[in-house]
Amino acid sequence: MPHDSFADNVPQSRQPVDELALADIKSAILGKLTLAIGKDAGIATTHDWYKAAALALRDRIVHRWLLTEKDNYDAGRKRVYYLSLEFLIGRLFTDALNNMGLLPLFAAALGDLGVDLNELRKCEPDAALGNGGLGRLAACFMESMATLAVPAIGYGIRYDFGLFRQIIADGRQQEYPDEWLSFGNPWEFARRELVYDVHFGGHVERIADDKGHERYVWHPAETVQAVAFDTPIVGWRGAHVNALRLWSARAPDPLRLDVFNTGDHLGAMSMQARAEAICKFLYPNDETAAGRELRLRQEYFFVSASLQDLVNRHLHADGSLNALATKAAVQLNDTHPSLAVAELMRILVDHHAVAWDTAWQITTKTLSYTNHTLLPEALEVWSVELFERMLPRHLDIIYRINTTHLDRASAVRPDDNDFLASVSIIDEKAGRRVRMGYLAFVGSHRINGVSAMHSELMKETVFRDLHRLYPDRITNKTNGITFRRWLMLANPGLTDLLREVCGDALLDDPTRLTQLERYAGDAAFQQRFSHVKHHNKTALAKLIYERLGIETEADALFDVQIKRIHEYKRQLLNILEAIALYQAMRDDPQRDWVPRVKIFAGKAAASYRYAKLIIKLINDVAKIVNNDPAIGNRLKIVFLPDYNVSLAEVIIPAADLSEQISTAGMEASGTGNMKLALNGALTIGTLDGANIEIRDHVGAENIAIFGMTAEEVMARRAHGLDASDVIARSERLARAIHAIESGAFSPDDPARFHTIGHALRHIDHYMVSADFDAYYDAQRAIDSRWRAGSAWTRASILNTARMAWFSSDRTIREYAEDIWDVPAIAAPSQPARNQRGHG
């Protein structure tokens, strides 16, 4: 079909199919099926078709990728290197199709070949490369960097089995390997020629030349090789493609033939097994000494390989390490990559003979650090003994960094030993330990929090004294989400409706969402908006029934809490309120109760026994409530297992109420709150993390805030953790706790939840009991608003209309300008062409 300029302005739902392009894609898919998969169309499985289609799409991406790389090199552009232990990228097939503008063409081509695109996409497993918000944020940032033409490489680990696959058996979480690579990964390119040696153990030799100059030589006891695997990350409209480079570990000698020939067949492969353990699982259990050693090996492995790679890339392009900070910006995504400070110093000083002071200037100007949490366990510490044994040269470097750092502290606060102890990278009080968060802080030129409140709390709490010493380093960069994934792909029905109202330019400029505000009170538009939500809820209800056999009504209020299971996120508060609501319904069955479906999803760390007990409680309560004929469909409780990106894409568009109920002062930001609000869910939450900024944008009347502030939480903790006073004042709370303790939900084992009852009464660190009455009252106010119908829908529309600021494109622009010093090109503004969600 000849190019028709008018067609560029045709909305995607009415976009005619280019017959020549259609024939080309069909031919490409069939070619891949035959030549790459080795199958005839007549015997090909659905998975064969998926892989053939993915490879055909990948070919089109690679051309853009190579052009992007060449353009960046020719222009000598500064590059961002994003180091993260997690990249929760989810399924890439429809994401890449959408960003390349090829969804309609591929859907039509596959349809002509007798294949349903929606069925095909289910064949793709979620890449098991992350756990929760940290990894999903990294994925959103990678997509936004590509969209804004920021030259970037993401560095991480190619986990064989990810975190784990969660199975719920008898209400309990069980962990199994997530075998996401069992059928191969069509998106990655193995760069087997790109191998770096990563060393561990051994000893350090100090050598002085005849002029008295000293240098250090590390004689390692063990070497592991890092092999690169690259995945292209496509920006919006396919104009720019960046790389996600993941490292896989192997032994230099995978099989000791001499040992094998002695008959010790397993021993001959022991070094390979030891090396491969590095990339088997994300976050191995660190309760044991071996587990802690493996965690440190993981972190150093990917940091060392990544820094060696970027330094070599820089030398190849520029030739001078003195200019490294002008050509490379290294972002440490949380504390896990903080060894980059010592490793970059080691590479510069030991390998390239850069003077120490010069190397330190280069390092601090190159590195920046994002802190994601104020929880002490996330600000990693490692024993000095473990460092001496595993990374002796790095410990020497850290000691020298700390000496200079403490000299500065002494100059600022002379004779103040308490201040020196509080800012020292080495914690001398609890058995000598290296404070990795402090190392990242001291070695970076910028340290950012991820919400306005979190950044201020960093200055006042965990980094208080370091902030006094380096007052210009902490800045804020509130998190964001990519609307391409979490609106266009996840909610195509809503996207189509928004395009009618806001225009096709919305796809490039999320600020156009504000045009939706004038329709918030329009009855006809409210009806259409509600119809989209009901359609999404029906799809989720179907999924719930298929997976759990639980029948839910799409007309009920869908109350959603989907996040990592942790005490501070307070799933316990949610289920405690559900118990109290259940008891109230049984007491007054004739009352006009608002039908509600409480939906939970999330994983607890394998070693986090208390969080796993909360999962068991949720499922035990669900078993009683869901089978009580006196309650019927007025209350259902659902725990969907194995939460991942693909499941979130079904739950989020269907949510009416977004539970963001963390203990105030403990959630750094949250991004689930943004995704849910963007899709029209009202938030019930505390004044914590990005909830505060969401309230400021959507309006206090369109969000339900409850509970203590961060200051009130700290004040209450200062007086102790016993909650007997609040329980005595609340008959409803006392009754709910008694039901848990007495075995009302665990008749087979009445004592099962005694530890939870005891914590609610006497160790209320996370203020579950203290905030209970405020939360229960806020939920009943939600019921009243839900009954109002039109008022609820108006608030839902306004949530969507006012969320543009929470785009990850905005966040990346701020990083680019304030931290990385790289230009971020505006997203394309031409009218939409061939863009559509998978519906």
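**Entry 1: a salt bridge across the chain**

I looked up D95 and R485, whose side chains meet in a salt bridge at 3.9 Å, N to O. The term means a side-chain nitrogen of Lys or Arg within 4 Å of a carboxyl oxygen of Asp or Glu. D95 sits in helix 3 (residues 93-100) and R485 in helix 19 (residues 483-489), so the pair links distant parts of the chain, 390 residues apart. Helices (H or I, at least four residues) and strands (E, at least two) are DSSP runs, numbered from the N terminus. I noted that D95 and R485 are both buried. Buried means under 20% relative accessible area, exposed over 50%, and partly exposed in between, with a 1.4 Å probe and protein chains only.

I also wrote down the ground rules. The model is predicted: local features need pLDDT of at least 70, side-chain atom pairs count only at pLDDT 80 or more, and totals for chains, interfaces and linings use all residues. Residues are numbered from 1 along each chain as its sequence is written, and side-chain values use heavy atoms, with hydrogens and water left out.

**Entry 2: around helix 3**

I stayed with helix 3. Eight of its eight residues are buried. They are F93, T94, D95, A96, L97, N98, N99 and M100. What do they pack against? I found helix 2 (46-75), helix 4 (103-112), helix 5 (117-121), helix 6 (133-147), strand 8 (222-234) and helix 19. Contact here means heavy atoms within 4.5 Å. After helix 3 comes G101, with a positive phi near 75°.

How many salt bridges does a search of the whole structure find? The search finds 69. I picked out D427 and R433, whose side chains meet at 3.3 Å, N to O. D427 counts as buried because its relative accessibility is 9%. R433, at 28%, counts as partly exposed.

Next I took R735 and D587, a salt bridge of 2.5 Å, N to O. R735 lies in helix 29 (residues 731-742) and D587 in helix 22 (residues 571-587), so this pair ties together parts 148 residues apart in sequence. R735 is partly exposed, at 40% relative accessibility.

I also found a network of salt bridges. It links D559, E577, R596, K598, E659, R780 and D783.

**Entry 3: two crossing helices**

I turned to helix 11 (residues 340-351) and helix 14 (residues 392-412). They pack at about 100°, with their axes 9 Å apart. Axes are lines fitted to C-alpha atoms, for helices over the stretch in contact, and angles run from 0 to 180 degrees between N-to-C directions. Helix 11 and helix 14 are therefore roughly perpendicular, the word for 65 to 115 degrees. Helix 11 brings V341, A342, E343, M345, R346, V349 and D350 to the contact, and helix 14 brings R393, H394, I397, I398 and I401.

**Entry 4: a hairpin**

Strand 6 (residues 203-208) and strand 7 (residues 214-219) pair in the antiparallel sense over six bridges. Strands pair if DSSP finds at least two bridges between them. A208 has E214 of strand 7 as its bridge partner. The two strands form a hairpin with five residues between them, and G212 in the turn has a positive phi of about 85°.

I traced an open sheet of nine strands, in the order 5-8-9-2-1-10-11-15-16, with mixed pairing. Which strands stand at its edges? Strand 5 (189-200) and strand 16 (474-476) do; each has a single partner strand, so one side of each is left without a neighbour in the sheet. Inside this sheet, strand 10 (residues 328-333) and strand 11 (residues 367-370) pair in the parallel sense over four bridges.

Six bridges join strand 18 (residues 596-601) to strand 19. V597 has K636 of strand 19 as its bridge partner.

Definitions and conventions. Parallel < 35°, antiparallel > 145°, perpendicular 65-115°, else oblique.
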